[in-house]
2 protein chains.
Amino acid sequence: MKYNPVTGKILDQLIEILGEKNVLTDPAKLETYSHDETPIEQYGHLPEVVITPSSAEEISTVMKLANLELIPVTPRGAGSGLSGGAIPEYGGIVLSVEKMNQVLEVDYNNLMMTLEPGVVTNSVNEEIKEKGLFFAGYPMSVESCYIGGNIAENAGGGKAVKYGVTGRYIMGLEIVTPTGEIVQLGGKRVKDVTGYDLKQLIVGSEGTLGIITKAIVKLLPLPTEKVDLLVLFKDIKSAIEMVPTIMTRGGIIPTGIEFMDKLSIKKSCEYLNEHLPYQEAGAVLLIEVDGHKVQEVEDDAETIGELCLEKGAIEVYVADNRTTQERVWNVRRNIAEAFKVFSPHQSLEDIVVPIAAIPELMPEITCISKKYNIQIPCYGHAGDGNLHATLVKNPDTDMQEWYQTEEKALYELYQAALKLGGTLSGEHGIGSKRRKFMKELIDPVELGLMKKIKKSFDPNNILNPGKIFKLE
Amino acid sequence: MKYNPVTGKILDQLIEILGEKNVLTDPAKLETYSHDETPIEQYGHLPEVVITPSSAEEISTVMKLANLELIPVTPRGAGSGLSGGAIPEYGGIVLSVEKMNQVLEVDYNNLMMTLEPGVVTNSVNEEIKEKGLFFAGYPMSVESCYIGGNIAENAGGGKAVKYGVTGRYIMGLEIVTPTGEIVQLGGKRVKDVTGYDLKQLIVGSEGTLGIITKAIVKLLPLPTEKVDLLVLFKDIKSAIEMVPTIMTRGGIIPTGIEFMDKLSIKKSCEYLNEHLPYQEAGAVLLIEVDGHKVQEVEDDAETIGELCLEKGAIEVYVADNRTTQERVWNVRRNIAEAFKVFSPHQSLEDIVVPIAAIPELMPEITCISKKYNIQIPCYGHAGDGNLHATLVKNPDTDMQEWYQTEEKALYELYQAALKLGGTLSGEHGIGSKRRKFMKELIDPVELGLMKKIKKSFDPNNILNPGKIFKLE
């Protein structure tokens with residue numbers, strides 16, 4: 001694709017549509033919008049202009065202009081993404097939804113909320129917790145990510161074993177199509193088989209098929225009670241075997257089953273100066289159960305604890321108060337940070353495999369780690385088979401070598417996941433970062449169908465071009 | 001579209017691909033495949049040939065031949081559909097998956113099953129119940145429908161309030177595309193954001209985007225306990241108001257919340273010679289809770305019962321044993337049959353509205369009923385806002401008049417649902433039956449996007465043409 005530059009004339013037209021204060025060209029400001037949470041030096045790219053529209057109508061007008069002038073448009077939420085999805089790889093316009101940040105409605109009778117895309121995910125829950133409700137689309141970046149980005153990436157997180165991922169709770173979307181039409185998809189209805197499920201196609205499409213300008217999300221009864229269990233196992237295999245056992249023999253679907261290998265928990269404990277009893281363990285599970293009645297939640301925790309001990313767990317620690325729970329989760333949340341002290345250059349991955357294949361995956365990761373002389377701590381959502389294998393640059397290697405090593409190691413990591421029936425990404429998406437691997441590793445027929453959908457929605461390939469795949 | 005006839009030469013090629021016994025041309029046999037559960041005289045159409053392939057490879061070869069010769073192909077499951085989705089409107093080939101009926105694998109460690117499309121939904125659950133597992137994609141036609149059709153229609157049913165619809169449990173699909181490629185979408189991984197969610201696009205696409213040849217479905221712990229409550233309310237409004245109350249104040253998501261208006265329950269009780277205590281009630285809710293511990297389920301039922309009485313329910317009857325539960329559900333299941341005694345000609349609808357809009361919808365339905373002098377009993381899935389408003393032909397009117405009345409009344413019914421934020425179909429789909437209404441009532445931009453997707457998957461428009469929409 002050849003795109004045109006954002007000329008002074010186009011800037012004038014943008015100012016006419018949006019007002020001067022919503023058209024940013026100051027280089028210092030542009031820099032902020034040139035990257036997400038992936039390394040700026042590897043994936044960053046400056047936009048020519050950043051716009052901050054306030055309505056679907058404004059966005060529609062901008063998209064029509066962009067089509068006419070062949071200017072790429074990259075929609076952007078909070079910039080907390082981990083695949084480069086919000087980076088304007090071809091320059092052009094970054095369309096930030098930061099000013100569309102209103103909770104438009106809380107509808108208690110239908111248990112739904114209507115949100116603008118720039119609402120911070122966590123503030124959704126702040127708004128409704130007193131009414132005994134919550135929104136379960138709950139990524140780990142819940143305190144920073146916008147709901148629009150959360151939906152565009154179909155984010156997962158630590159509660160997905162029980163509650164599923166964000167997409168399950170998206171009932172309606174208003175989008176502006178790449179060609180500038182405003183469309184309502186779905187609505188406040190919990191079932192709908194009126195033609196193809198375009199709403200669900202937009203969910204997880206990384207801002208390549210439409211710009212989300214409104215979302216109707218489903219709410220659930222807020223669980224009032226929870227218990228966390230920290231369970232130590234001698235090895236990864238015994239830890240992972242607990243997942244189906246808890247569900248079948250225990251009849252319990254925990255809120256989350258998080259996994260930490262020894263390296264992860266050790267580094268995080270050292271970093272936090274925390275003293276969890278992990279020393280003897282080869283692997284640790286952090287299992288959370290929640291519910292509405294103390295007794296039920298305690299019973300579930302007890303059942304799980306007993307099953308773990310029966311299946312050879314070394315020890316089960318119960319965290320049944322908020323302070324201890326916070327301590328334990330803090331260790332889980334700070335693994336990435338802990339490794340940054342050792343080496344700031346990392347590749348945070350989120351490969352996914354069938355749950356039962358995790359024990360087979362681990363030796364493969366060890367091989368890759370040894371072969372390339374990099375540490376690869378593994379932690380993440382065991383209950384979903386979704387692992388944050390994180391490639392940590394050896395501090396001794398120079399950057400050029402690291403980039404080469406990273407690419408080779410990632411390729412082998414993804415291949416290992418695919419070989420076991422898994423795939424590249426469980427919650428972070430493809431974006432720019434994993435595009436070349438997508439091209440090499442995903443069935444070309446499947447990729448071809450995706451490209452056809454993209455072309456039929458976006459004939460000029462101007463909405464977030466280059467993400468997931470490049471169009472020829 | 002102009003299609004070519006199935007000539008003797010093409011029949012020979014089909015026999016070569018599939019063997020003689022899998023190519024049916026006997027007119028008596030073809031008749032069986034000319035209709036589903038919609039009225040044959042309105043929607044039925046004879047195929048030119050019926051084929052019963054045994055593998056994705058055979059289907060792939062057939063699709064390539066069909067593209068070459070421009071012969072329409074209509075995939076078919078058990079024929080239990082309610083929208084004409086499996087009817088060969090343009091003749092050509094009906095591709096029945098009845099011989100692809102094997103359970104290929106039960107994977108207890110991953111809590112998944114791999115199924116061929118011709119497996120009867122209920123037999124999935126028979127296969128696994130002893131292991132304490134179940135498949136929650138559970139339409140009311142569970143005893144007859146095939147899993148392939150269940151997925152293609154994204155069926156709902158009586159347990160969707162708690163468990164959601166079929167699509168939630170579909171982890172992987174093997175499909176043959178309209179152009180004859182075999183593709184694996186998803187797999188045994190519970191999270192996947194590797195590009196567009198094509199698997200979920202196939203779910204509910206009514207056999208227009210691909211032929212499902214294999215499905216990997218997710219299993220859940222089988223609930224061992226259940227209690228049903230039959231709750232009488234003075235009017236529909238008080239009944240429906242219970243839905244959010246149970247979820248927020250009770251903190252409980254029941255398995256199902258079924259609704260029956262007075263006319264429905266009366267006719268069904270008369271038909272079954274059953275004596276449920278409905279006489280004083282303007283509306284009845286049938287609320288089911290399930291779980292793994294007797295005490296928990298009984299507590300939930302008690303909480304719900306108390307909330308209902310507090311909010312003005314006339315009476316709460318508890319069905320805590322299988323016999324009484326069966327009696328109550330039998331009434332719910334036999335409503336349609338009961339009305340067939342009165343008049344065999346009906347239009348069974350499944351409009352869906354936001355849950356809280358049901359009370360507003362009911363007077364609209366009463367108006368339509370009076371205006372056209374037809375009975376319209378209403379029952380269905382109140383917890384989903386999904387209502388089986390059923391137009392029952394007045395026995396005195398002739399068929400020609402009934403067809404005209406039906407069309408006008410349906411148009412008004414769908415309009416009423418749309419006006420309240422609802423839509424045409426919550427679980428039966430569009431198929432042939434609702435296509436003209438889809439065209440008139442759905443946003444043309446949304447419909448246009450669907451058509452573009454169809455064209456990009458099926459450039460010759462040979463796979464189940466004329467369903468959902470007609471391509472120009």
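User: Why is the pair Asp300(A) and Lys293(B) called a salt bridge?

Analyst: The closest N and O atoms of Asp300(A) and Lys293(B) are 3.3 Å apart. A salt bridge is a side-chain nitrogen of Lys or Arg within 4 Å of a carboxyl oxygen of Asp or Glu, so the pair qualifies. Between chain A and chain B the count is 6 salt bridges.

The model is predicted: local features need pLDDT of at least 70, side-chain atom pairs count only at pLDDT 80 or more, and totals for chains, interfaces and linings use all residues. Side-chain values use heavy atoms, without hydrogens and water.

User: What makes residues of chain A and chain B count as in contact?

Analyst: Contact means heavy atoms within 4.5 Å. By that rule 82 residues of chain A touch 82 residues of chain B.

User: How do you know how much area chain A and chain B bury between them?

Analyst: Buried area is the accessible area (1.4 Å probe) that two parts lose on being put together, summed over both. For chain A and chain B that gives about 6,300 Å², 65% of it on carbon and sulfur atoms. In chain A, Lys191(A), Val193(A) and Tyr196(A) lose the most area to chain B, together 16% of what that side buries.

User: What does the salt-bridge rule find across the interface of domain 1 and domain 2 of chain A?

Analyst: The rule finds 0 salt bridges there. The bounds, 8–98 for domain 1 and 103–221 for domain 2 of chain A, come from an automatic or database domain assignment. The area buried between these two domains is about 1,300 Å², with 67% from carbon and sulfur atoms.

Methods:
Residues are numbered from 1 along each chain as its sequence is written. Chains are lettered from A and ligands numbered from 1 in the order in which they are written.
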